[in-house]
Amino acid sequence: MASDTSHDGFEPQDIRETLERVLDGAQFKAAPALATFLKYVVEETLDGRGDRLKAYSIAVEALGRAADFDPQSDPIVRIQAGRLRKALALHFNGEGADEAIAIELPSGGYVPRLIRRRDAVGTQTWRAALPYALLAVAAAAAFFAILWHFASDSRDVATAPQAPVRSPLPTVRVALPTVKKQSVGIDAEAYGQALEAALTRFDETVVVDRASNDAAIANYEVRVGFSGSAPITGGVHPVN
């Protein structure tokens, strides 16, 4: 039975209404796996089972993994949690900028945190990030098509037995050159973050954060360069 007590000063009904609006937003409509993840952890917390939110329960009950799922050998929950954090930040800096309640997933855990909107993280406004986001969405669609063509070709080629791939999906990271904004006329880091966020909207691909330890498990890399004020791509490359 759902809990009737308040959570972080908010009533369950208000939280659920916020959750439904988040799930109806563009960041989650295009990524049903993230939507299921978010709904599961919020509802479990509201029902008083937040202390039971572990990688195993999320994988089996929210992500559809088999009962023999091993969180030590498969990092899918940590990777999806990273995607979820980015999607939530983008939503509350964009469509959800006027929400009274913000939902966050703190690093290192799976229990969502509810905060008043004025305290939400992310200092860059969505308006400032919008040009990068628009560029990144277009680039992500092209990258995704190339990536899956590349991955399909790789599966068709007979190879010697290899160690099991840690994720059953193509795992990709974005590689950015080290450049100064003054020299290229564009914020490379902001573009990189926007591109990562856009790529995460494809549930058939796992995108790992360049700054995390999980970047080492990527088996594909999207390389980006800059020409003047325009980002240019170097395509999708397998990671040796």
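## Basis of the description

The structure is a predicted model, in which local features need pLDDT of at least 70, side-chain atom pairs count only at pLDDT 80 or more, and totals for chains, interfaces and linings use all residues. Residues are numbered from 1 along each chain as its sequence is written, and side-chain values use heavy atoms, with hydrogens and water left out.

## Overall make-up

The chain has 8 helices and 6 strands. Helices (H or I, at least four residues) and strands (E, at least two) are DSSP runs, numbered from the N terminus. Starting at the N terminus, the order of elements is α-α-α-α-α-β-β-α-β-α-α-β-β-β.

Of the 240 residues in the chain, 45% are buried. Buried means under 20% relative accessible area, exposed means over 50%, and partly exposed lies in between (1.4 Å probe, protein chains only). The chain exposes about 12600 Å², and carbon and sulfur atoms supply 54% of that area. Accessible areas come from the Shrake-Rupley method with a 1.4 Å probe; for residues, only the protein chains shown count as cover. Among contacts (heavy atoms within 4.5 Å) between residues at least 6 apart in sequence, 62% join residues at least 24 apart.

Two packed helices are described by the angle between their axes and the distance between the axes. Here, axes are lines fitted to C-alpha atoms, for helices over the stretch in contact, and angles run from 0 to 180 degrees between N-to-C directions. Angles under 35 degrees count as roughly parallel, over 145 as roughly antiparallel, 65 to 115 as roughly perpendicular and the rest as oblique.

The axes of α1 (residues 12-23) and α3 (residues 32-46) come within 11 Å and cross at roughly 175°, which means that α1 is roughly antiparallel to α3. On the α1 side, the contact involves Pro 12, Ile 15, Arg 16, Leu 19, Glu 20, Val 22 and Leu 23; on the α3 side, it involves Ala 35, Leu 38, Lys 39, Val 42, Glu 43 and Leu 46. By class, this contact of α1 with α3 has 9 nonpolar, no polar and 4 charged residues. Ala, Val, Leu, Ile, Met, Phe, Trp, Tyr, Cys and Pro count as nonpolar, Asp, Glu, Lys and Arg as charged, and the others, Gly among them, as polar.

With α5, helix α3 has a crossing angle of roughly 90°, and the two axes come within 10 Å. The two helices are therefore roughly perpendicular to each other. Ala 33, Leu 34, Phe 37 and Leu 38 of α3 meet Val 77, Gln 80, Ala 81, Arg 83, Leu 84, Ala 87 and Leu 88 of α5. The residues in this contact of α3 with α5 are 9 nonpolar, 1 polar and 1 charged.

## Nonpolar cores

In soluble globular proteins, nonpolar side chains tend to be buried together. A nonpolar core is a set of buried Ala, Val, Leu, Ile, Met, Phe, Trp, Tyr and Cys residues joined through side-chain atoms within 4.5 Å. The largest such core has 40 residues, and Phe 28, Phe 37, Leu 38, Ile 58 and Val 77 touch the most other members. Elements giving two or more residues to this core are α1, α3, α4 (55-61), α5 (76-92), β1 (101-104) and β2 (113-116). Apart from it lies another core of 10 residues, among them Tyr 191, Leu 199, Val 224 and Val 236.

Beyond its neighbours within four places in sequence, Phe 37 is in contact with residues including Ile 58, Ala 62, Leu 63, Val 77 and Tyr 110. Leu 88, found in helix α5, counts as buried at 3% relative accessibility. With neighbours within four places in sequence left aside, Leu 88 is in contact with Val 22, Phe 28, Leu 38, Ile 103, Glu 104 and Leu 105.

Thr 18 has its place in helix α1 and is buried, with a relative accessible area of 1%. Leaving out neighbours within four places in sequence, Thr 18 is in contact with Glu 99, Ile 101 and Ile 103. Glu 17, also in helix α1, counts as partly exposed at 36% relative accessibility.

Ala 100 is found in the loop between α5 and β1 and counts as exposed, at 55% relative accessibility. Not counting residues up to four places away in sequence, Ala 100 touches Phe 10, Ile 115, Arg 116 and Arg 117.
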